[in-house]
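Dear colleague,

Please find below the structure that I am handing over to you. My findings follow it.

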Amino acid sequence: NRSAEGDAHRPVAQEVAELMRALGVPDASWRGGARQSRSPITGETVAHVAEASAAHVADAVTRSVDAFEAWRTVPAPRRGELVRLLGEELRAHKAELGRLVTLEAGKVLSEGLGEVQEMIDICDFAVGLSRQLYGLTIASERPGHRMMETWHPVGPVAIITAFNFPVAVWSWNAALALVCGNSLLWKPSEKTPLTALAVQALFERAAAVFGTAPKGLSQLLIGGADVGAALTDDPRVPVVSATGSTRMGRIVGERVARRFGRSILELGGNNAAIVCPSADLDLALRGIAFAAMGTAGQRCTSLRRLIVHESVYDTLVPRLAKAYASVSIGDPRAAATLIGPLIDKDGFDNMQKALEAARAAGARVHGGERVDVAGAADAYYVRPALVEIDEQVEIVRHETFAPILYVLRCSGLPEAIKLQNGVPQGLSSSIFTNDMREAETFMSAEGSDCGIANVNIGPSGAEIGGAFGGEKETGGGREAGSDAWKAYMRRATNTINYSRQLPLAQGVSFDI
Ligand code: UN1
């Protein structure tokens with residue numbers, strides 16, 4: 001067991017190779033392929049991944065339909081056993097997979113491990129769920145009749161995921177879809193194929209232990225936008241779950257709707273926190289720091305807007321600026337690092353453009369500059385930016401996937417809620433207050449319009465037990481806990497006549 005510090009300067013490519021082998025990924029899938037894969041830690045090329053093309057997709061869907069037709073007849077609790085075994089593989093390989101997430105996505109080690117923990121958690125949830133796929137029974141208006149709902153598997157489910165949670169988002173969808181009796185087709189981000197290959201290898205091991213899973217039950221399709229488009233357009237894929245930008249989701253949502261498919265969209269967020277006069281400012285400071293700077297601002301739930309009451313502004317914001325100035329930035333493998341790199345140059349350029357626009361709008365920008373890290377000239381490390389701005393101008397209403405926190409001043413809760421809701425996105429939100437009236441108002445019908453509304457914690461870091469997703473341009477989908485499973489099944493309403501008569505509903509008579 002090497003310490004994180006001791007590992008910090010080992011060549012990334014060497015570590016990737018060791019982990020891929022430890023995770024049982026076949027060499028051919030990541031050596032000698034056409035697509036170069038880079039680590040954001042140093043910017044160096046660490047793998048050459050073999051790609052699928054749109055032409056492969058049709059065959060993969062055919063195999064997926066065959067797998068589905070076998071899997072849907074397996075009793076749900078038995079399907080749960082496969083997911084339980086997947087959870088066991090993840091537990092056994094948590095250290096390796098978590099570290100691979102760090103190497104490929106650049107998040108710090110505790111977050112890489114946390115992401116794998118989130119996968120284990122959803123597997124546990126889904127195992128329990130596999131015995132609880134229940135429908136209602138409903139009173140019939142007709143004598144001797146009964147009504148009920150039955151939930152059935154729906155077909156192959158396409159899962160399109162983003163770089164920032166390269167494996168957990170797959171697992172939220174996959175664990176539920178599998179216990180619901182569906183087959184899976186996964187298109188990961190082009191930026192994170194290695195962790196996807198590793199998860200696929202773990203799935204194959206679980207399937208081998210299970211013994212009777214149909215071939216092709218879970219398939220991985222590494223490729224570009226053409227692969228995503230082919231999945232989106234195939235009428236044999238009834239559900240497409242897509243996580244990523246609003247731009248991508250608009251394309252996917254429209255194309256799936258055109259063929260009357262169902263999409264589960266988890267798109268952009270522009271999450272705010274409101275700080276009220278009664279807030280515990282020490283707690284708020286920590287909550288804000290994690291939500292805004294953690295994962296280098298690259299979560300869909302990252303805190304992007306801080307709305308601070310004028311009575312606490314001058315106490316809180318200078319303290320926050322201090323935290324921004326001193327937070328440790330560097331190799332995400334080092335134990336002391338809190339902020340790893342941005343995913344790539346595009347991420348960096350987008351951040352700089354946003355800061356330019358904010359400056360042009362009169363903002364005061366603290367931080368935001370590129371940070372040099374030894375041995376990582378081709379990587380993009382930045383100091384998180386704290387941006388004091390007077391108005392919620394256009395750039396503030398836009399999601400920039402980088403550690404930028406816009407700070408706005410407010411004079412009361414109604415104004416704060418108006419600002420909070422005054423953006424096109426509706427994923428997550430939070431309020432820091434010790435005033436029960438304010439907290440309840442924030443969570444009420446006239447409060448936050450987001451899918452997630454928290455009190456005295458930041459907007460990020462949700463547990464899997466709740467439904468995850470948001471409104472407006474976030475896309476409306478819900479994944480993970482609560483009753484999100486229903487989106488992966490089709491509902492049949494059954495009316496059963498156990499009498500010898502044939503009364504018609506609504507009093508209609510039709511005597512032949
Ligand atoms: C994402 O950024 O796409 O709530 C998912 C959170 C995590 C999931 C984020 N559990 O921040």
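Which residue in β16 does Leu386 stand opposite? It is Leu405. Before the details, two notes on the model are in order. The model is predicted, and local features need pLDDT of at least 70, side-chain atom pairs count only at pLDDT 80 or more, and totals for chains, interfaces and linings use all residues. Residues are numbered from 1 along each chain as its sequence is written.

Strand β15 comprises residues 385–388; helices (H or I, at least four residues) and strands (E, at least two) are DSSP runs, numbered from the N terminus. Two strands are said to pair if DSSP finds at least two bridges between them. β15 pairs with strand β16 (residues 404–410) in the parallel sense, over four bridges. With strand β12 (residues 364–366), β15 pairs in the antiparallel sense over three bridges, and there His366 has Leu386 as its bridge partner. Both faces of β15 are covered: Ala385 and Val387 are buried on one side, and Leu386 and Glu388 are buried on the other. Here a residue is buried if 20 or more other C-beta atoms lie within 10 Å of its own, exposed if 12 or fewer, and partly exposed in between, with C-beta atoms placed from the backbone.

The annotated residue Glu266

The UniProt annotation "active site", from an unreviewed entry, covers Glu266. UniProt positions are given in the numbering used here, feature names are shortened, and annotations may be inferred rather than shown by experiment. Glu266 lies in strand β9 (residues 262–266) and counts as buried because 30 other C-beta atoms lie within 10 Å. Leaving aside neighbours within four places in sequence, Glu266 is in contact (C-beta atoms, placed from the backbone, within 7 Å) with Thr243, Cys300, Gly469, Thr474, Gly475, Gly477 and Glu479.

Helices

Ala208, in helix α8 (residues 193–210), has 10 C-beta neighbours inside 10 Å and therefore counts as exposed. Ala208 and Leu85 are 123 residues apart in sequence, and their C-alpha atoms are 9.7 Å apart in space.

The axes of helix α5 (residues 94–105) and helix α6 (residues 109–129) come within 8 Å and cross at roughly 125°. Axes are lines fitted to C-alpha atoms, for helices over the stretch in contact, and angles run from 0 to 180 degrees between N-to-C directions. The contact involves residues of α5 including Lys94, Leu97 and Val101, and residues of α6 including Leu109, Gly112 and Val116.

Yours sincerely

Note on methods. Contact = placed C-beta atoms within 7 Å.
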